Every structure is written in structure tokens, then in C-alpha cells.
Amino acid sequence: MDFKKSNTPLNTVTRDMIELSQDTGNIYETVCIISKRANQIAAQMKSDLEKKLQEFAPYNDNLEEVSENREQIEISRYYERLPKPTLIATQEYIDHKLFFRKSNKDRSNL
């Protein structure tokens, strides 16, 4: 998934909590759904970054010989400029791109 192509704002935006909780009927369920998706996005971003940085990993463990690699720095900066996972997950929720369902256990309590 290319996170740069999403229409997620880079800065925090104030959201209407009542409007956010309309789909679930409970703001806490909404926050739980968004946080679970944000954790998934963060894990995916971390694995992508580790794969890209693995190409530049030195094969010998010599602490005296540390060199800066310009490409490695650019990759790190790219990931620093991306929107935070919570902002991406919130935007996906607002755009109705998230699928969620209540378990049968939760429905029996209603």
C-alpha cells in the first residue's frame, strides 16, 4: 500500500466525535476500530522500512567503520514525512474504507 497517495492530512485535524461515532453508535468502539487499523498500518510501515534499510546493512560488525549512506538517509526522511498511522486509519474510517463487524458475543448483550 502506498501511504503517500492517500488523501490523509499531514497535520492533526479536529474531528466531530458525534459524527465519527454514527456508524458504530459508540465512540469507544470507533476509537477501538481506528486504533486496531492504525496498529496494522504501523506494523506494515515498519516492515517496509526495515526491508528497504536491510539493503544498506553492513555485512561486518565493525563499530569503528560507520559511514553515512545518502540513500539510506533519504529513505528514512521519506518515512518520517508520511502521515502518522493514526491519521491514515482515521481517514480510512471517514472514507468508509474500513470493514468491521461486531462479534456474536457483543450482539447478545444488546
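Leu53 is partly exposed in this predicted model, with a relative accessibility of 22%. Because buried means under 20% relative accessible area, Leu53 at 22% counts as partly exposed. You'll find Leu53 in helix α2. Which residues does Leu53 contact once its neighbours within four places in sequence are left aside? They are Gln72, Ile75 and Ser76.

Now for the nonpolar core. In soluble globular proteins, nonpolar side chains tend to be buried together. Here the largest nonpolar core has 14 residues, and the members touching the most others are Ile41, Met45, Tyr79, Ala89 and Tyr93. Helices α2 (27–54), α3 (70–81) and α4 (85–94) are the elements that each give two or more residues to this core. Of these, α2 supplies the largest share, with 5 residues.

Searching the whole structure turns up 2 aromatic pairs. In one of them, Tyr78 and Tyr79 sit edge-to-face, with 5.3 Å from centre to centre and 90° between the planes. Are these two partners buried or exposed? Tyr79 has 14% relative accessibility, so it counts as buried. Tyr78, with a relative accessible area of 28%, is partly exposed.

Notes:
Residues numbered from 1 in each chain as written. Predicted model: local features only at pLDDT ≥ 70, side-chain atom pairs only at ≥ 80, totals over all residues. Heavy atoms only, no water. Core = buried A, V, L, I, M, F, W, Y, C linked by side-chain atoms within 4.5 Å. Buried < 20%, exposed > 50% of the residue type's maximum accessible area, 1.4 Å probe, protein only. Helix = DSSP H or I, 4+ residues; strand = E, 2+ residues; numbered from the N terminus. Phe/Tyr/Trp six-rings, centres within 6.5 Å; stacked < 30°, edge-to-face > 60°. Contact = heavy atoms within 4.5 Å.
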